[in-house]
Amino acid sequence: MAMDHTVKVILGSIAFAVFWLLAVFPAIPFLPIGRTAGSLLGAMLMVVFRVLTPDQAYAAIDLPILGLLFGTMVVSVYLERADMFKYLGKVLSWKSKGAKDLICRVCLISAISSAFFTNDTSCVVLTEFVLKIARQHNLPPRPFLLALASSANIGSSATPIGNPQNLVIAVQSKIPFGQFVIGILPAMLVGVVVNALIILILYWKLLSVQKDEEDPSPEIVADEDVLSHRFSPARLSHTQIPSINSAEWDSRLDLMNAQSSPCSNANVETLRNSVSSKDNEIHRSHSAMTESARISDASKEWLPNASPQKREEGFSSKSVNSMEKQKEPVSLQSSEGKEHWSTKWRRIAWKCCVYLVTIGMLIALLLGLNMSWTAVTAALALVVLDFKDAQPCLEKVSYSLLVFFCGMFMTVDGFNKTGLPSAFWNFMEPHAQIDRVSGTVVLALVILYLSNLASNVPTVLLLGARVAASAAAISATEEKRAWLLLAWISTVAGNLSLLGSAANLIVCEQARRTPQLSYNLSFWNHLKFGVPSTLIVTAIGLVLIR
(Lines give C-alpha, C1' and ligand atoms only; values in the text may rest on other atoms or scores of the structure.)
Protein backbone atom coordinates (compact mmCIF):
# COMPACT_ATOMS: atom_id res chain seq x y z
CA MET A 1 0.00 0.00 0.00
CA ALA A 2 1.48 3.33 -1.07
CA MET A 3 2.02 5.90 1.63
CA ASP A 4 0.25 9.23 1.35
CA HIS A 5 2.70 11.90 0.15
CA THR A 6 1.91 14.28 3.02
CA VAL A 7 2.57 11.58 5.62
CA LYS A 8 5.81 10.69 3.82
CA VAL A 9 6.94 14.30 3.92
CA ILE A 10 6.19 14.61 7.63
CA LEU A 11 7.87 11.34 8.65
CA GLY A 12 10.87 11.97 6.39
CA SER A 13 11.27 15.44 7.86
CA ILE A 14 11.16 14.01 11.40
CA ALA A 15 13.86 11.46 10.55
CA PHE A 16 16.06 14.15 8.97
CA ALA A 17 15.49 16.47 11.96
CA VAL A 18 16.72 13.73 14.32
CA PHE A 19 19.83 13.28 12.17
CA TRP A 20 20.48 17.05 11.99
CA LEU A 21 19.97 17.55 15.73
CA LEU A 22 22.47 14.84 16.66
CA ALA A 23 24.95 15.89 13.96
CA VAL A 24 25.05 19.48 15.21
CA PHE A 25 24.55 18.77 18.95
CA PRO A 26 25.98 15.28 19.54
CA ALA A 27 25.75 15.53 23.35
CA ILE A 28 22.17 16.75 23.59
CA PRO A 29 20.98 15.92 27.14
CA PHE A 30 17.94 13.76 26.32
CA LEU A 31 19.81 11.69 23.66
CA PRO A 32 23.62 11.92 24.07
CA ILE A 33 24.50 9.18 21.57
CA GLY A 34 26.85 11.18 19.31
CA ARG A 35 27.05 11.93 15.59
CA THR A 36 27.75 8.43 14.27
CA ALA A 37 24.87 6.78 16.11
CA GLY A 38 22.70 9.77 15.21
CA SER A 39 23.29 9.26 11.48
CA LEU A 40 22.44 5.54 11.78
CA LEU A 41 19.32 6.43 13.77
CA GLY A 42 18.20 8.83 11.03
CA ALA A 43 18.78 6.16 8.36
CA MET A 44 16.89 3.57 10.39
CA LEU A 45 13.93 5.92 10.83
CA MET A 46 13.82 6.54 7.07
CA VAL A 47 13.40 2.78 6.54
CA VAL A 48 11.01 2.24 9.49
CA PHE A 49 8.82 5.15 8.34
CA ARG A 50 8.86 3.60 4.81
CA VAL A 51 10.32 6.74 3.25
CA LEU A 52 12.98 4.38 1.84
CA THR A 53 12.89 0.67 1.17
CA PRO A 54 15.83 -1.38 2.52
CA ASP A 55 17.19 -1.82 -1.01
CA GLN A 56 16.94 1.92 -1.67
CA ALA A 57 18.78 2.62 1.59
CA TYR A 58 21.66 0.31 0.66
CA ALA A 59 21.79 1.76 -2.86
CA ALA A 60 22.12 5.28 -1.42
CA ILE A 61 25.55 4.47 0.06
CA ASP A 62 28.24 5.88 -2.24
CA LEU A 63 31.05 3.29 -2.16
CA PRO A 64 33.55 5.30 -4.27
CA ILE A 65 33.44 8.13 -1.72
CA LEU A 66 33.93 5.70 1.17
CA GLY A 67 36.84 4.04 -0.64
CA LEU A 68 38.53 7.38 -1.33
CA LEU A 69 38.03 8.48 2.27
CA PHE A 70 39.40 5.19 3.65
CA GLY A 71 42.43 5.23 1.35
CA THR A 72 43.43 8.79 2.20
CA MET A 73 43.11 8.08 5.94
CA VAL A 74 45.40 5.03 5.69
CA VAL A 75 47.98 6.98 3.67
CA SER A 76 47.88 9.75 6.30
CA VAL A 77 48.55 7.21 9.08
CA TYR A 78 51.66 5.89 7.29
CA LEU A 79 52.86 9.42 6.53
CA GLU A 80 52.65 10.15 10.24
CA ARG A 81 54.72 7.03 10.97
CA ALA A 82 57.26 8.29 8.41
CA ASP A 83 57.62 11.51 10.47
CA MET A 84 56.02 13.76 7.86
CA PHE A 85 54.19 15.76 10.50
CA LYS A 86 57.28 15.87 12.71
CA TYR A 87 59.09 17.63 9.87
CA LEU A 88 56.17 20.02 9.55
CA GLY A 89 56.59 20.78 13.26
CA LYS A 90 60.26 21.55 12.68
CA VAL A 91 59.33 23.98 9.90
CA LEU A 92 56.93 25.70 12.29
CA SER A 93 59.58 26.33 14.93
CA TRP A 94 62.74 26.73 12.76
CA LYS A 95 64.32 30.18 13.10
CA SER A 96 61.11 31.88 14.09
CA LYS A 97 61.14 35.69 14.03
CA GLY A 98 58.29 36.37 16.39
CA ALA A 99 54.56 35.92 16.87
CA LYS A 100 53.51 37.35 13.51
CA ASP A 101 55.96 35.10 11.69
CA LEU A 102 54.57 32.09 13.57
CA ILE A 103 51.00 32.99 12.60
CA CYS A 104 51.97 33.13 8.92
CA ARG A 105 53.77 29.79 9.18
CA VAL A 106 50.81 28.13 10.87
CA CYS A 107 48.46 29.42 8.15
CA LEU A 108 50.74 28.27 5.31
CA ILE A 109 51.59 24.82 6.68
CA SER A 110 48.01 24.13 7.75
CA ALA A 111 46.67 25.06 4.31
CA ILE A 112 49.22 22.99 2.37
CA SER A 113 48.98 19.90 4.58
CA SER A 114 45.17 19.92 4.58
CA ALA A 115 45.07 20.10 0.78
CA PHE A 116 46.80 16.71 0.56
CA PHE A 117 46.02 14.96 3.86
CA THR A 118 42.47 16.33 4.55
CA ASN A 119 41.70 19.20 6.91
CA ASP A 120 40.59 16.89 9.74
CA THR A 121 43.88 14.96 9.73
CA SER A 122 45.96 18.14 9.69
CA CYS A 123 44.01 19.59 12.61
CA VAL A 124 44.28 16.37 14.64
CA VAL A 125 48.05 16.22 14.18
CA LEU A 126 49.01 19.91 14.31
CA THR A 127 46.85 21.19 17.19
CA GLU A 128 49.20 20.00 19.93
CA PHE A 129 52.21 21.26 17.94
CA VAL A 130 50.64 24.72 17.80
CA LEU A 131 49.83 24.72 21.52
CA LYS A 132 53.38 23.72 22.42
CA ILE A 133 54.92 26.36 20.17
CA ALA A 134 52.61 29.06 21.55
CA ARG A 135 53.54 28.08 25.11
CA GLN A 136 57.24 27.89 24.21
CA HIS A 137 57.12 31.51 22.99
CA ASN A 138 54.85 32.55 25.87
CA LEU A 139 52.05 33.61 23.51
CA PRO A 140 48.24 33.29 23.83
CA PRO A 141 46.97 30.21 21.95
CA ARG A 142 43.70 31.68 20.59
CA PRO A 143 45.01 33.34 17.38
CA PHE A 144 47.16 30.30 16.60
CA LEU A 145 44.26 27.88 16.99
CA LEU A 146 42.06 30.09 14.82
CA ALA A 147 44.83 30.27 12.21
CA LEU A 148 45.18 26.49 12.22
CA ALA A 149 41.46 25.67 11.87
CA SER A 150 40.55 28.41 9.37
CA SER A 151 43.58 27.84 7.13
CA ALA A 152 42.97 24.09 7.17
CA ASN A 153 39.44 24.68 5.89
CA ILE A 154 40.55 27.13 3.21
CA GLY A 155 43.50 24.99 2.09
CA SER A 156 41.41 21.82 1.89
CA SER A 157 39.20 23.41 -0.77
CA ALA A 158 41.99 23.22 -3.37
CA THR A 159 41.92 19.45 -3.97
CA PRO A 160 39.24 16.74 -4.23
CA ILE A 161 40.90 14.86 -1.35
CA GLY A 162 41.09 17.89 0.94
CA ASN A 163 37.75 17.35 2.72
CA PRO A 164 34.67 15.10 2.58
CA GLN A 165 32.40 17.49 0.64
CA ASN A 166 35.06 17.86 -2.06
CA LEU A 167 35.19 14.06 -2.33
CA VAL A 168 31.44 14.05 -2.96
CA ILE A 169 31.69 16.86 -5.54
CA ALA A 170 34.63 15.25 -7.35
CA VAL A 171 32.83 11.91 -7.66
CA GLN A 172 29.46 13.39 -8.69
CA SER A 173 30.82 16.05 -11.07
CA LYS A 174 33.51 13.82 -12.64
CA ILE A 175 35.83 16.84 -12.84
CA PRO A 176 39.44 15.57 -13.29
CA PHE A 177 41.76 16.05 -10.32
CA GLY A 178 44.07 18.47 -12.18
CA GLN A 179 41.24 20.68 -13.46
CA PHE A 180 39.73 20.79 -9.98
CA VAL A 181 43.04 22.00 -8.51
CA ILE A 182 43.66 24.56 -11.25
CA GLY A 183 40.15 25.95 -10.86
CA ILE A 184 40.33 26.60 -7.10
CA LEU A 185 44.07 26.99 -6.37
CA PRO A 186 44.31 30.76 -7.10
CA ALA A 187 41.36 31.52 -4.79
CA MET A 188 42.85 29.26 -2.12
CA LEU A 189 46.25 30.97 -2.16
CA VAL A 190 44.78 34.48 -2.01
CA GLY A 191 42.28 33.34 0.63
CA VAL A 192 44.99 31.97 2.93
CA VAL A 193 46.96 35.22 2.69
CA VAL A 194 43.89 37.38 3.38
CA ASN A 195 42.84 35.11 6.25
CA ALA A 196 46.29 35.48 7.83
CA LEU A 197 46.07 39.27 7.47
CA ILE A 198 42.66 39.29 9.17
CA ILE A 199 44.08 37.34 12.13
CA LEU A 200 47.07 39.69 12.38
CA ILE A 201 44.80 42.76 12.32
CA LEU A 202 42.35 41.42 14.90
CA TYR A 203 45.04 40.17 17.30
CA TRP A 204 47.89 42.59 16.61
CA LYS A 205 48.06 43.88 20.19
CA LEU A 206 47.78 40.41 21.67
CA LEU A 207 50.59 39.14 19.45
CA SER A 208 52.78 42.15 20.27
CA VAL A 209 53.34 40.99 23.86
CA GLN A 210 57.04 40.14 24.03
CA LYS A 211 58.29 37.04 25.78
CA ASP A 212 60.08 37.66 29.09
CA GLU A 213 63.53 36.24 28.41
CA GLU A 214 64.30 35.81 32.09
CA ASP A 215 61.07 34.05 33.03
CA PRO A 216 62.06 30.69 34.55
CA SER A 217 58.51 29.33 34.41
CA PRO A 218 58.51 25.54 34.10
CA GLU A 219 55.46 25.71 31.83
CA ILE A 220 57.58 26.84 28.87
CA VAL A 221 58.02 23.90 26.51
CA ALA A 222 61.46 22.81 25.34
CA ASP A 223 62.30 22.28 21.67
CA GLU A 224 62.58 18.53 22.18
CA ASP A 225 59.01 18.40 23.51
CA VAL A 226 57.74 20.31 20.50
CA LEU A 227 59.31 17.84 18.08
CA SER A 228 58.48 14.69 20.06
CA HIS A 229 54.72 14.96 19.54
CA ARG A 230 53.07 11.79 18.28
CA PHE A 231 49.79 11.34 16.46
CA SER A 232 46.70 10.76 18.60
CA PRO A 233 43.26 10.66 17.01
CA ALA A 234 40.79 13.30 18.17
CA ARG A 235 37.84 12.01 20.14
CA LEU A 236 34.92 14.38 20.28
CA SER A 237 33.93 13.82 23.89
CA HIS A 238 32.06 16.35 25.97
CA THR A 239 33.58 16.10 29.44
CA GLN A 240 34.79 19.32 30.97
CA ILE A 241 38.51 19.63 31.57
CA PRO A 242 40.12 22.60 33.29
CA SER A 243 41.39 24.97 30.63
CA ILE A 244 42.78 28.44 30.17
CA ASN A 245 40.65 31.04 28.48
CA SER A 246 41.84 34.21 26.80
CA ALA A 247 41.04 36.44 29.78
CA GLU A 248 43.21 34.29 32.03
CA TRP A 249 46.00 34.48 29.45
CA ASP A 250 45.87 38.28 29.44
CA SER A 251 45.99 38.43 33.23
CA ARG A 252 48.84 35.93 33.26
CA LEU A 253 50.88 38.02 30.83
CA ASP A 254 50.29 41.15 32.92
CA LEU A 255 51.34 39.29 36.06
CA MET A 256 54.54 38.08 34.41
CA ASN A 257 55.45 41.61 33.38
CA ALA A 258 54.79 42.89 36.90
CA GLN A 259 56.96 40.18 38.43
CA SER A 260 59.92 40.51 36.10
CA SER A 261 62.34 41.69 38.79
CA PRO A 262 61.50 38.95 41.31
CA CYS A 263 61.95 36.47 38.50
CA SER A 264 65.42 37.89 37.88
CA ASN A 265 66.29 37.43 41.55
CA ALA A 266 64.98 33.91 41.38
CA ASN A 267 67.18 33.28 38.36
CA VAL A 268 70.25 34.52 40.23
CA GLU A 269 69.42 32.33 43.22
CA THR A 270 68.85 29.33 40.96
CA LEU A 271 72.17 29.99 39.23
CA ARG A 272 73.95 30.25 42.59
CA ASN A 273 72.48 26.92 43.74
CA SER A 274 73.45 25.31 40.44
CA VAL A 275 77.05 26.53 40.73
CA SER A 276 77.33 25.26 44.30
CA SER A 277 75.98 21.85 43.29
CA LYS A 278 78.53 21.70 40.46
CA ASP A 279 81.31 22.51 42.97
CA ASN A 280 80.17 19.63 45.17
CA GLU A 281 80.22 17.25 42.21
CA ILE A 282 83.75 18.35 41.26
CA HIS A 283 84.89 17.91 44.87
CA ARG A 284 83.44 14.40 45.03
CA SER A 285 85.04 13.38 41.73
CA HIS A 286 88.40 14.81 42.89
CA SER A 287 88.16 12.82 46.13
CA ALA A 288 87.43 9.65 44.16
CA MET A 289 90.45 10.26 41.95
CA THR A 290 92.66 10.80 45.02
CA GLU A 291 91.44 7.57 46.59
CA SER A 292 92.14 5.67 43.38
CA ALA A 293 95.66 7.10 43.23
CA ARG A 294 96.25 6.10 46.88
CA ILE A 295 95.26 2.49 46.21
CA SER A 296 97.51 2.42 43.16
CA ASP A 297 100.45 3.70 45.20
CA ALA A 298 99.80 1.07 47.86
CA SER A 299 99.89 -1.68 45.25
CA LYS A 300 103.16 -0.31 43.91
CA GLU A 301 104.60 -0.33 47.45
CA TRP A 302 103.62 -3.99 47.87
CA LEU A 303 105.04 -5.16 44.55
CA PRO A 304 108.69 -4.14 45.18
CA ASN A 305 108.64 -6.15 48.45
CA ALA A 306 107.45 -9.22 46.59
CA SER A 307 109.69 -11.62 44.74
CA PRO A 308 110.66 -10.80 41.20
CA GLN A 309 108.61 -13.73 39.89
CA LYS A 310 105.44 -12.62 41.69
CA ARG A 311 106.07 -9.06 40.66
CA GLU A 312 106.30 -10.14 37.02
CA GLU A 313 103.20 -12.34 37.36
CA GLY A 314 101.32 -9.46 38.94
CA PHE A 315 102.21 -7.04 36.20
CA SER A 316 101.49 -9.53 33.43
CA SER A 317 98.09 -10.58 34.86
CA LYS A 318 97.07 -6.96 35.35
CA SER A 319 98.10 -6.05 31.81
CA VAL A 320 96.26 -9.07 30.33
CA ASN A 321 93.11 -8.28 32.32
CA SER A 322 93.20 -4.64 31.31
CA MET A 323 93.65 -5.56 27.64
CA GLU A 324 90.74 -8.02 27.80
CA LYS A 325 88.53 -5.42 29.45
CA GLN A 326 89.43 -2.97 26.74
CA LYS A 327 88.83 -5.44 23.90
CA GLU A 328 85.41 -6.63 25.06
CA PRO A 329 83.66 -3.22 25.10
CA VAL A 330 85.21 -2.32 21.72
CA SER A 331 83.84 -5.44 20.02
CA LEU A 332 80.47 -4.99 21.72
CA GLN A 333 80.28 -1.36 20.70
CA SER A 334 81.27 -2.28 17.15
CA SER A 335 78.45 -4.84 16.81
CA GLU A 336 75.94 -2.46 18.38
CA GLY A 337 77.08 0.31 16.06
CA LYS A 338 76.66 -1.88 12.98
CA GLU A 339 73.20 -2.95 14.12
CA HIS A 340 72.25 0.69 14.81
CA TRP A 341 73.38 1.83 11.37
CA SER A 342 71.60 -1.09 9.70
CA THR A 343 68.35 -0.25 11.48
CA LYS A 344 68.77 3.43 10.68
CA TRP A 345 69.28 2.83 6.96
CA ARG A 346 66.32 0.44 6.81
CA ARG A 347 64.21 3.13 8.46
CA ILE A 348 65.38 5.76 5.96
CA ALA A 349 64.69 3.43 3.02
CA TRP A 350 61.19 2.72 4.34
CA LYS A 351 60.47 6.45 4.76
CA CYS A 352 61.57 7.08 1.18
CA CYS A 353 59.20 4.34 -0.02
CA VAL A 354 56.30 5.93 1.88
CA TYR A 355 57.00 9.34 0.35
CA LEU A 356 57.43 7.86 -3.16
CA VAL A 357 54.14 5.96 -2.92
CA THR A 358 52.37 9.14 -1.76
CA ILE A 359 53.88 11.16 -4.62
CA GLY A 360 52.88 8.39 -7.03
CA MET A 361 49.30 8.55 -5.72
CA LEU A 362 49.17 12.31 -6.30
CA ILE A 363 50.60 11.93 -9.81
CA ALA A 364 48.01 9.24 -10.62
CA LEU A 365 45.24 11.52 -9.38
CA LEU A 366 46.56 14.39 -11.49
CA LEU A 367 46.59 12.08 -14.53
CA GLY A 368 42.88 11.49 -14.06
CA LEU A 369 42.88 7.88 -12.83
CA ASN A 370 39.98 6.66 -10.71
CA MET A 371 40.40 8.54 -7.42
CA SER A 372 38.88 5.90 -5.13
CA TRP A 373 40.91 2.96 -6.43
CA THR A 374 44.06 5.08 -6.64
CA ALA A 375 43.82 5.93 -2.93
CA VAL A 376 43.02 2.34 -1.94
CA THR A 377 45.91 1.03 -4.06
CA ALA A 378 48.36 3.46 -2.46
CA ALA A 379 47.11 2.47 1.01
CA LEU A 380 47.57 -1.25 0.33
CA ALA A 381 51.01 -0.63 -1.22
CA LEU A 382 52.10 1.01 2.04
CA VAL A 383 50.68 -1.89 4.04
CA VAL A 384 52.69 -4.40 1.98
CA LEU A 385 55.90 -2.32 2.08
CA ASP A 386 55.64 -2.07 5.86
CA PHE A 387 55.94 -5.89 5.99
CA LYS A 388 54.27 -6.03 9.41
CA ASP A 389 50.88 -6.75 10.87
CA ALA A 390 48.78 -3.81 9.62
CA GLN A 391 46.31 -3.90 12.51
CA PRO A 392 47.99 -1.15 14.64
CA CYS A 393 47.92 1.24 11.66
CA LEU A 394 44.44 0.29 10.51
CA GLU A 395 43.13 0.83 14.03
CA LYS A 396 43.95 4.53 13.64
CA VAL A 397 41.49 4.85 10.75
CA SER A 398 38.33 6.66 11.83
CA TYR A 399 35.79 3.93 11.08
CA SER A 400 33.17 5.90 12.98
CA LEU A 401 33.49 8.59 10.27
CA LEU A 402 32.91 5.98 7.55
CA VAL A 403 29.83 4.69 9.39
CA PHE A 404 28.63 8.28 9.83
CA PHE A 405 28.85 8.77 6.06
CA CYS A 406 26.85 5.58 5.42
CA GLY A 407 24.05 6.76 7.70
CA MET A 408 24.17 10.26 6.25
CA PHE A 409 23.90 9.00 2.64
CA MET A 410 20.75 7.05 3.52
CA THR A 411 19.20 9.86 5.57
CA VAL A 412 19.83 12.56 2.95
CA ASP A 413 18.54 10.32 0.16
CA GLY A 414 15.34 9.76 2.14
CA PHE A 415 14.92 13.48 2.73
CA ASN A 416 15.40 14.10 -1.00
CA LYS A 417 12.53 11.72 -1.71
CA THR A 418 10.18 13.87 0.39
CA GLY A 419 10.46 16.58 -2.28
CA LEU A 420 11.24 19.38 0.17
CA PRO A 421 14.78 20.11 -1.13
CA SER A 422 13.43 20.26 -4.71
CA ALA A 423 10.67 22.64 -3.66
CA PHE A 424 13.20 24.87 -1.90
CA TRP A 425 15.49 24.96 -4.91
CA ASN A 426 12.61 25.61 -7.31
CA PHE A 427 11.83 28.69 -5.24
CA MET A 428 15.46 29.89 -5.13
CA GLU A 429 16.59 28.94 -8.65
CA PRO A 430 15.33 32.08 -10.47
CA HIS A 431 17.29 34.25 -8.04
CA ALA A 432 20.48 32.10 -7.97
CA GLN A 433 21.60 31.94 -11.60
CA ILE A 434 25.40 32.03 -11.67
CA ASP A 435 25.60 33.85 -14.99
CA ARG A 436 24.65 37.03 -13.08
CA VAL A 437 26.55 38.67 -10.24
CA SER A 438 23.42 38.99 -8.12
CA GLY A 439 22.55 35.34 -8.73
CA THR A 440 26.05 34.22 -7.71
CA VAL A 441 25.82 36.24 -4.49
CA VAL A 442 22.38 34.77 -3.67
CA LEU A 443 23.68 31.24 -4.31
CA ALA A 444 26.67 31.90 -2.07
CA LEU A 445 24.47 33.17 0.78
CA VAL A 446 22.17 30.15 0.48
CA ILE A 447 25.09 27.70 0.61
CA LEU A 448 26.69 29.58 3.52
CA TYR A 449 23.45 29.45 5.47
CA LEU A 450 22.67 25.79 4.78
CA SER A 451 26.28 24.68 5.38
CA ASN A 452 26.13 26.10 8.90
CA LEU A 453 22.55 24.97 9.50
CA ALA A 454 22.73 21.40 8.16
CA SER A 455 26.56 21.01 7.80
CA ASN A 456 28.46 21.22 4.53
CA VAL A 457 28.36 17.58 3.37
CA PRO A 458 24.54 17.25 3.64
CA THR A 459 24.21 20.61 1.89
CA VAL A 460 26.32 19.36 -1.02
CA LEU A 461 24.31 16.13 -1.18
CA LEU A 462 21.02 18.03 -1.11
CA LEU A 463 21.80 20.88 -3.53
CA GLY A 464 24.78 19.73 -5.62
CA ALA A 465 22.97 18.01 -8.46
CA ARG A 466 20.26 20.70 -8.58
CA VAL A 467 22.75 23.60 -8.71
CA ALA A 468 24.77 21.82 -11.40
CA ALA A 469 21.67 21.04 -13.49
CA SER A 470 20.57 24.67 -13.34
CA ALA A 471 24.02 25.84 -14.45
CA ALA A 472 24.22 23.18 -17.19
CA ALA A 473 21.15 24.74 -18.78
CA ILE A 474 23.30 27.83 -19.38
CA SER A 475 26.51 26.14 -20.61
CA ALA A 476 28.92 23.28 -19.81
CA THR A 477 31.49 25.81 -18.58
CA GLU A 478 28.98 27.26 -16.13
CA GLU A 479 28.19 23.74 -14.88
CA LYS A 480 31.84 23.15 -14.02
CA ARG A 481 32.06 26.58 -12.40
CA ALA A 482 28.94 25.82 -10.35
CA TRP A 483 30.54 22.65 -8.93
CA LEU A 484 33.76 24.51 -8.09
CA LEU A 485 31.84 27.36 -6.45
CA LEU A 486 29.88 24.83 -4.43
CA ALA A 487 33.15 23.23 -3.27
CA TRP A 488 34.66 26.61 -2.37
CA ILE A 489 31.65 28.13 -0.58
CA SER A 490 30.64 25.00 1.36
CA THR A 491 34.23 24.58 2.57
CA VAL A 492 34.92 28.20 3.51
CA ALA A 493 31.49 28.29 5.21
CA GLY A 494 33.01 26.06 7.87
CA ASN A 495 34.94 29.06 9.19
CA LEU A 496 31.80 31.01 10.03
CA SER A 497 31.15 29.38 13.41
CA LEU A 498 32.70 26.77 15.66
CA LEU A 499 30.00 24.27 14.59
CA GLY A 500 30.55 24.98 10.89
CA SER A 501 33.02 22.15 10.24
CA ALA A 502 34.45 19.07 11.89
CA ALA A 503 37.95 20.59 11.66
CA ASN A 504 36.89 23.44 13.99
CA LEU A 505 35.49 20.97 16.51
CA ILE A 506 38.63 18.84 16.32
CA VAL A 507 40.88 21.84 17.05
CA CYS A 508 38.62 22.96 19.90
CA GLU A 509 38.43 19.50 21.44
CA GLN A 510 42.13 18.65 20.97
CA ALA A 511 43.12 21.99 22.52
CA ARG A 512 40.80 21.45 25.47
CA ARG A 513 42.06 17.92 26.13
CA THR A 514 45.81 18.40 25.64
CA PRO A 515 47.57 17.61 28.96
CA GLN A 516 49.16 20.65 30.69
CA LEU A 517 48.44 22.86 27.64
CA SER A 518 44.64 22.90 27.82
CA TYR A 519 42.86 25.89 26.26
CA ASN A 520 39.13 26.48 25.71
CA LEU A 521 38.31 28.11 22.36
CA SER A 522 34.79 29.41 22.95
CA PHE A 523 31.96 29.69 20.41
CA TRP A 524 31.83 33.51 20.64
CA ASN A 525 35.59 33.99 20.33
CA HIS A 526 35.49 31.96 17.14
CA LEU A 527 32.40 33.78 15.82
CA LYS A 528 34.00 37.24 16.20
CA PHE A 529 36.76 36.14 13.87
CA GLY A 530 34.74 33.74 11.72
CA VAL A 531 32.11 36.14 10.37
CA PRO A 532 34.43 38.72 8.74
CA SER A 533 36.91 36.09 7.59
CA THR A 534 34.24 33.88 5.98
CA LEU A 535 32.49 36.72 4.14
CA ILE A 536 35.72 38.25 2.79
CA VAL A 537 37.35 34.96 1.78
CA THR A 538 34.13 33.71 0.16
CA ALA A 539 33.93 36.89 -1.92
CA ILE A 540 37.50 36.31 -3.12
CA GLY A 541 36.50 32.91 -4.49
CA LEU A 542 33.45 34.30 -6.27
CA VAL A 543 35.74 36.65 -8.19
CA LEU A 544 38.67 34.30 -8.92
CA ILE A 545 36.95 30.98 -9.67
CA ARG A 546 36.16 30.94 -13.40
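Is Asp83 buried or exposed? Asp83 is buried, with a relative accessible area of 9%, where buried means under 20%, exposed over 50% and partly exposed in between (1.4 Å probe, protein chains only). Keep in mind that this is a predicted model, so local features need pLDDT of at least 70 and side-chain atom pairs count only at pLDDT 80 or more, while totals for chains, interfaces and linings use all residues. Residues are numbered from 1 along each chain as its sequence is written, and side-chain values use heavy atoms, with hydrogens and water left out.

**Salt bridges**

- The structure holds seven salt bridges, a salt bridge being a side-chain nitrogen of Lys or Arg within 4 Å of a carboxyl oxygen of Asp or Glu.
- One of them pairs the side chains of Arg347 and Asp83, at 3.3 Å from N to O. This pair ties together distant parts of the chain, 264 residues apart: Arg347 sits in helix H15, and Asp83 in the loop between helix H4 (63-81) and helix H5 (84-93). Helices here are DSSP runs (H or I, at least four residues), numbered from the N terminus.
- Arg347 has 31% relative accessibility, so it counts as partly exposed.
- Glu478 and Arg481 form another salt bridge, with the closest N and O atoms 3.7 Å apart. Both lie in helix H22, three residues apart, or about one turn of the helix, and both are buried. Elsewhere, salt bridges that share partners join Asp83, Arg347 and Lys351 into one network.
- Lys132 pairs with Glu128, and here the closest N and O atoms are 3.5 Å apart. Because these two are four residues apart in helix H7, about one helical turn separates Lys132 and Glu128.
- Lys132 is buried at 10% relative accessible area, and Glu128 counts as buried at 17%.

- Lys351 is in helix H15 and, at 13% relative accessibility, counts as buried.
- Its side chain makes a polar contact with the side chain of Asp83 at 2.8 Å. A polar contact is a pair of N or O atoms within 3.5 Å; within protein, one must be able to donate a hydrogen and the other to accept it, and residues adjacent in sequence count only if both atoms are side-chain atoms.
- Setting aside neighbours within four places in sequence, Lys351 is in contact (heavy atoms within 4.5 Å) with Ala82, Asp83 and Tyr87.

**The nonpolar core**

- The largest nonpolar core has 140 residues, and Tyr78, Phe144, Phe405 and Trp488 touch the most other members. Helix H10 (residues 177-202) gives the most to this core, with twelve residues.
- A nonpolar core is a set of buried Ala, Val, Leu, Ile, Met, Phe, Trp, Tyr and Cys residues joined through side-chain atoms within 4.5 Å.
- Leaving out neighbours within four places in sequence, the contacts of Trp488 include Ile154, Ile184, Met188, Val537 and Thr538.

**Buried residues worth a look**

- Thr538 lies in helix H24 (residues 523-544) and is buried at 3% relative accessible area. A polar atom of the Thr538 side chain lies 2.6 Å from the backbone oxygen of Thr534.
- Beyond four places in sequence, Thr538 is in contact with Leu448, Trp488, Ile489 and Val492.
- Trp483 lies in helix H22 (residues 476-492) and counts as buried, at 6% relative accessibility.
- Ile161 is in the loop between H8 and helix H9 (164-173), buried at 1% relative accessible area. Ile161 and Phe117 are 7.3 Å apart, C-alpha to C-alpha, and 44 residues apart in sequence.

**Positive phi in loops**

- Arg50, which is not a glycine, has a positive phi near 65°. Arg50 is in the loop between helix H2 (34-48) and helix H3 (54-59) and counts as exposed at 53% relative accessibility.
- Asn138 also isn't a glycine, and its phi is positive at about 60°. Asn138 sits in the loop between helix H7 (119-136) and helix H8 (142-156), and is buried at 6% relative accessible area.
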